[in-house]
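Subject: Structure for your review

Dear colleague,

Please find the structure below, together with its sequence.

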Amino acid sequence: MNTTPIKAILFDLDGIVIVGRKRFFSERLAEEHNIPMESVLEFFQNDLKPCSMGEADLKEKLAPYLAKWNWQGSTEDLLEYWFSSESTKDVEVLAIVKQLRDKGVKCYVATRQEKYRLQYLLDVVGLKDHFDGIFCTCNIGHDKSEPAFFEHALAELGLKPEEVLFFDDLQKNVDTANGLGSKAHFYDNISVLKQQTESILN
């Protein structure tokens, strides 16, 4: 039986730490502002990913769409409308994170984000106060479905894969981390987190 102690835990953000999304923001934007869905999807399907990989600036990519969408405010107004609508913290998850950190286990965010929303979540939502650090696609340049993302994180942490737990709500990301030897788990509700951290907390 492998009894290698867990020294760090990586948490996906959306769907685990940030919750409450009942539908995609793209759907809300189209509906609430009477924008054709195909125009909204043009941005979200084509322009957002390079921003999330650190290859483009979200504000610059959004700018051409403001007139097309007949958006009456500024780019900053649109970002505030977007980011604030997806900023609800799961307090139960964060309580477990605090218990883990109190036990000496380092807890990190592992997320696919572009830089402006990342900063919003860290500073405005206050996630920087709950975690020891962050690994983000916009800084690393690789998606979480790519081994290079986790290889970067492991190198930064100075840990072996088996010393790291990872929770994500996308199976392909879980598979990638498991393929490198980490203990990754598909997260569909908090019971997964409770079960996998029980031996650490008790």
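Strand 1 (residues 8-11) and strand 4 (residues 106-111) run parallel and are joined by four bridges; two strands count as paired if DSSP finds at least two bridges between them. Helices (H or I, at least four residues) and strands (E, at least two) are DSSP runs, numbered from the N terminus. Within this pair, Phe11 has Val109 of strand 4 as its bridge partner. Strand 1 also pairs with strand 6 (residues 164-168), again in the parallel sense and over four bridges. There, Ile9 stands opposite Leu165.

This is a predicted model, in which local features need pLDDT of at least 70 and side-chain atom pairs count only at pLDDT 80 or more, whereas totals for chains, interfaces and linings use all residues. Residues are numbered from 1 along each chain as its sequence is written, and side-chain values use heavy atoms, with hydrogens and water left out.

In a regular strand the side chains alternate between the two faces of the sheet. In strand 1, Ala8 and Leu10 point one way, while Ile9 and Phe11 point the other way. All four are buried, that is, under 20% relative accessible area, with exposed meaning over 50% and partly exposed in between (1.4 Å probe, protein chains only).

Grid points are joined across faces, edges and corners, and a volume is the space filled by probe spheres set on the points.

How many cavities of 30 Å³ or more does a search of the whole structure find? The search finds one, and the volume of the largest cavity is about 50 Å³. Its lining includes Leu10, Phe150, Val164 and Ser182. Helix 8 (residues 147-157) provides the largest share of that lining, with four residues. By class, the lining comprises eight nonpolar residues, one polar and no charged, where Ala, Val, Leu, Ile, Met, Phe, Trp, Tyr, Cys and Pro count as nonpolar, Asp, Glu, Lys and Arg as charged, and the others, Gly among them, as polar.

The largest pocket holds about 920 Å³ of space. It is lined by 30 residues, of which Asp14, Arg21, Phe24, Arg112 and Arg117 are the closest to its centre. Helix 2 gives the most to this lining, with four residues. The lining has 13 charged, nine polar and eight nonpolar residues.

The second largest pocket has a volume of about 190 Å³. Of its 11 lining residues, Ile6, Lys183, Gln196, Ser199 and Ile200 are the closest to the centre. Helix 10 supplies the largest share, three residues, and the lining divides into six polar, four nonpolar and one charged.

Finally, Phe186 is located in strand 7. Phe186 counts as partly exposed because its relative accessibility is 36%. Leaving aside residues up to four places away in sequence, Phe186 touches Asp168, Asp169, Leu170, Gln171, Val174 and Val192, contact meaning heavy atoms within 4.5 Å.

With kind regards

How values were computed: On a 1 Å grid over the protein atoms alone, a cavity is a set of points where a 1.4 Å probe fits but cannot get out, and a pocket is an open set with protein on both sides within 12 Å along at least five of seven lines; lining residues have an atom within 4 Å of a point.
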